[in-house]
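Trainee: Could you give me a close look at how the helices pack against one another here? I'd like the angles, the residues that do the touching, and anything alongside that helps me picture it.

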Amino acid sequence: MVGIIIGNQNPLLGTTYNYEIKPFGLSFGPKSKYEWYLYKKQKNGTWKDITGSPKTGEKVTYRFGEPGLGIEFEMKVYETKQGILPGMPSSKQLAGSIKLIPTSNTVPKIEKVVLFNRGARDVNKASYRDTLIAQAHCIGMFNKDIEFHLWEDDAPGKGHNSTINKNNRHTRTYTARVNEKGIAEIGIPLMSDERVLRQMANKLLMKGDQNEGANHEYYVTASYSGKIMGASQTNVDVANPDHKTGQQPTQPKSQPQTNTPKFPTGQGGGPRQPDPKGNIIEAVFVDSSGKELSKVAVGNKVHVRIHSKNMVGKYIQYVIWEYDMGSNDEVYRSGNIKIPADLCDTMGFVITKDIFKKGVDSFIPNDPDQKTQNYFIEIISKDLAAESKKFGVDSEGLLTVENPLSPSGVQNTPKPETPSSTKCPRCEKVTLEELQKIFTGVKEVNHLEEIVTHFNKGAKHFGINTCLKKAHFFAQVLKETGNALTIKSPESMNYSTDALKNGFWYSEGTNWVKGDLKNKKGGYYGNGSKKSFCNLSYFKSHPDIAEKYGRKDLNHYKDKGIQIANEDMLANHAYSNKYGNGSVESGDGSKYRGKGLIQLTWKENYEKVNSEITVFDGSVDIVSNPNKILTDKKYAVYSAMGFWKWKKINDVINKDKSPDIVDKVTFLINKDDDAESKRKRKTNFQNITSQVFRINECEPGVAQPSSKEPIGKWHDPVDKPRRTKYNSSGNIKPVSGAYGDVRDGYTKYHSGLDLFALPFIQDEFIGTPVYACLDGEIVESTPGNSAGQTIRIKIKNVKDLLEQEKKINYQLEFKKGEERGIDIKESDDVYLIYMHLSKRLLHKGDVTAGTLIGYSGVSGSIANKIPSPHLHLEIATVQNAYGTGKTKRTNPARFIKLNSYDTKDQDDAVNYKYTQDGKKIPWKAPKTDQRNL
């Protein structure tokens, strides 16, 4: 080197610094040119050139952002000299280098919080169909998780009043990670929680105060580690669907006029007229014989008769409201129902005591609703383009419901139906398909089948027999065992000596300090991601035991290069002489350390849980045979379920669907859990198990309509199948995903159908479920190459496929490029081919229509890093049609009822490119409409 770089080797984040190259000695001849390069040290010790375009000159400036905190960089300057004489070549050599590590003296804080409706003409106005955007602008918080909560503002004037709004917080928590720009951003879809939000917003009205007016005002708070650190200052006004034009604050709601098209009067109110704006003509209450109802009692079963037009095959949901002069109360909500005919009766529900209680305003003394209530119907089309419609809202059309325990009585009311007919059919059991959606890392299906068998046998006895309780139970199990459901090993004691002695450790970081083999001193990270504590406090006062049995690494983290952790002895020492465990010599510490679906620890706890189990199954003894929890699925399942019952965890859950209950459950399972683990358990519940077990569709003790109608012999490959709207270049061109010569100016053949399917996204989404379309046999399941992970199913009965084709009667959607493909004959061998999967759940054997076989992804070189994630489906008459062109394939659209592709989720998805390892990379998609090209 011929010089030295002058500059700060520990620059503060966000501050610009000067760096200057100073040559040694005197310089003669032509003036030198200098180029500056920057290298970043990787975790494996190598250096990566991150320069981009080199800076030039003797003096330059650099500014490091938050992602650089604690990372080691090397700055190199190269000197280029022109030849001394004309015609002589120039020379380039290293002039100087310097290593630096950015630091921060910034106190982490949230500088600003905003809530807005992105893309709207007025970003501060919205409807309950919109998704609001919450942002926290942070300093010194890169890669930290920010929790947002949505509040409805009842405080007068500007600003928020914590006293007035204390009960106005939505229960759901929205979590986002701070990016390199210091911003945490998350979407808040109002539609998914519309019912809860509207009830919360209308609380004042329910209490007899002034009405909420034309808008509900919302704001968000942003929290870190449980502490609120900021709130949005400008509210978003969301249109109030319950507000009526001209409504006066202190006046009761006006009654609809009789014989209006939107609110038919029902019996005796004149002829009903269809709503000219919609396809739902009317909805009325009927009994099991089909007779229209005007009065029933608690305990009666009622059905909803729906008269529609052009709605066959479409999904709706109905909501039953208790009519009040002030504000209506929702008492029942059905699941999604597929309309089978223009006039149909739903399977109905029983008006239970719990349903009746929802219509009672507990804050009003002697509320008349305790004796008699009046119900009306709201029909919600799952087609987002259609408005919901209310039926029977006037005095003639309301259904009167009386409580038999009240003095009024009910004349000639039938006896309540037996409880056996009112149980949610999903509550008392789990299915293999449900657990496959939760434990996506399990490779052997028979392992899950054993879990299903033993859980279903014990569900009623141990009290984990509602959809809500199952969601909580398996959210905890998922955290305890991981998505691979790992139960073969007991609680890990693979701690380093330093972690045990010091009570904290770096699990990842930079500046690895190599271990000293001669003196048996373990290596460690100089800095990194620090755990706040290690709960094995025993070793703080027994450092000699930590030195003797703890892990000691040499060249990198967990390489055990100096000493392997003696996990049995660490457990024997840490867990000795308390909670029923004997001395170190007894071996109880290791024997009764954490095992099972929920990590059961301490002999005393094993004994208490065992007493819960033996009442149900006397053959199980986890005290005498604790290691059988690791090898016998029955022991593993019952030890967790017995623990659940012993701890009375169901008493905490009750019927509260709020995700905040997760923290209370976690406390009973592990009161010393750290913040990151608590967040993971809550995320498991919110994003996975509550969705899998459909808790919002379940009211324990009430018959529930299935969310899916009988599907016959065919099952769509993905739920609500749609074409891809965008091509791989991010432009609107749905024909690119169709079958035929549809690409490169209609000259390139595309051999299947691309169905939009969000892929696996790390820490966010497990991928879109993919199903077997027909009964068949998996003949090939391969990781693949260019097409990625692929499953091929040979159809058992080709006649079923041909019947499905007749039912669909597909006509080509695109005039140019798209083709029908070959015509399948009943004598053909036919194969369903699924490509670009992120995970294959099944690898061989028979499957039935509707079996979950895997999850969508962007695997393979063809799909990796595209903005239009999809499932590529082919239907062919040979197992591998590669190289056969159009001679062996047909157009899969001939067999699938396709939904509209023009949807917001596709518009949102195209803003990212997706990688097969689960990353999504923001980019600016052109979104040029090329449908007419």
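Mentor: Let's settle handedness before anything else: a crossing is left-handed if the near helix is turned anticlockwise from the far one by less than a right angle, and right-handed if it is turned clockwise. By that rule, α15 and α16 make a right-handed crossing. Keep in mind as you look around that this is a predicted model.

Stay with that pair for a moment. Helix α15 covers residues 661-669 and helix α16 covers residues 675-692; their axes come within 10 Å and cross at roughly 125°. Angles from 65 to 115 degrees count as roughly perpendicular and those over 145 as roughly antiparallel, and α15 and α16 are therefore oblique to each other. Now zoom in on the side of the contact that α15 supplies: Val662, Asp663, Thr666 and Ile669. Facing them from α16 are Lys678, Arg681, Lys682 and Phe685. Sorted by class, the α15 and α16 contact has 4 charged residues, 3 nonpolar and 1 polar.

Next, move to α13, residues 633-646, and its meeting with α11, residues 603-614. The two axes come within 8 Å and cross at roughly 95°, so α11 and α13 are roughly perpendicular to each other. On the α11 side you'll find Asn605, Lys608, Val609, Glu612 and Ile613. On the α13 side, look for Tyr638, Ser639, Gly642, Phe643, Lys645 and Trp646. That contact of α11 with α13 counts 5 nonpolar residues, with 3 polar and 3 charged.

α13 also meets α6. Here the axes come within 12 Å, with a crossing of roughly 120°, and α6 and α13 are therefore oblique to each other. The crossing of α6 and α13 is right-handed. From α6 the touching residues are Lys469, His472, Phe473 and Gln476, and from α13 they are Ala640, Met641 and Trp644. By class, the contact of α6 with α13 splits into 4 nonpolar, 2 polar and 1 charged.

While you're at α6, have a look at its aromatic side. Searching the whole structure turns up 25 aromatic pairs. Take Phe439 with Phe474: the ring centres are 6.3 Å apart and the planes sit at 70°, so the pair is edge-to-face. Phe474 belongs to α6 (residues 467-481), while Phe439 is in the loop between α4 (432-438) and α5 (445-462), so the pair ties together parts that are 35 residues apart in sequence.

β9 and β11 (residues 131-139) are joined by 7 bridges, and Leu115 has Ala134 in β11 as its bridge partner.

Technical notes
Residues numbered from 1 in each chain as written. Predicted model: local features only at pLDDT ≥ 70, side-chain atom pairs only at ≥ 80, totals over all residues. Heavy atoms only, no water. Axes fitted to C-alpha atoms, helices over the stretch in contact; angles between N-to-C directions. Helix = DSSP H or I, 4+ residues; strand = E, 2+ residues; numbered from the N terminus. Parallel < 35°, antiparallel > 145°, perpendicular 65-115°, else oblique. Contact = heavy atoms within 4.5 Å. Nonpolar A, V, L, I, M, F, W, Y, C, P; charged D, E, K, R; others polar. Phe/Tyr/Trp six-rings, centres within 6.5 Å; stacked < 30°, edge-to-face > 60°. Pairing = 2+ DSSP bridges.
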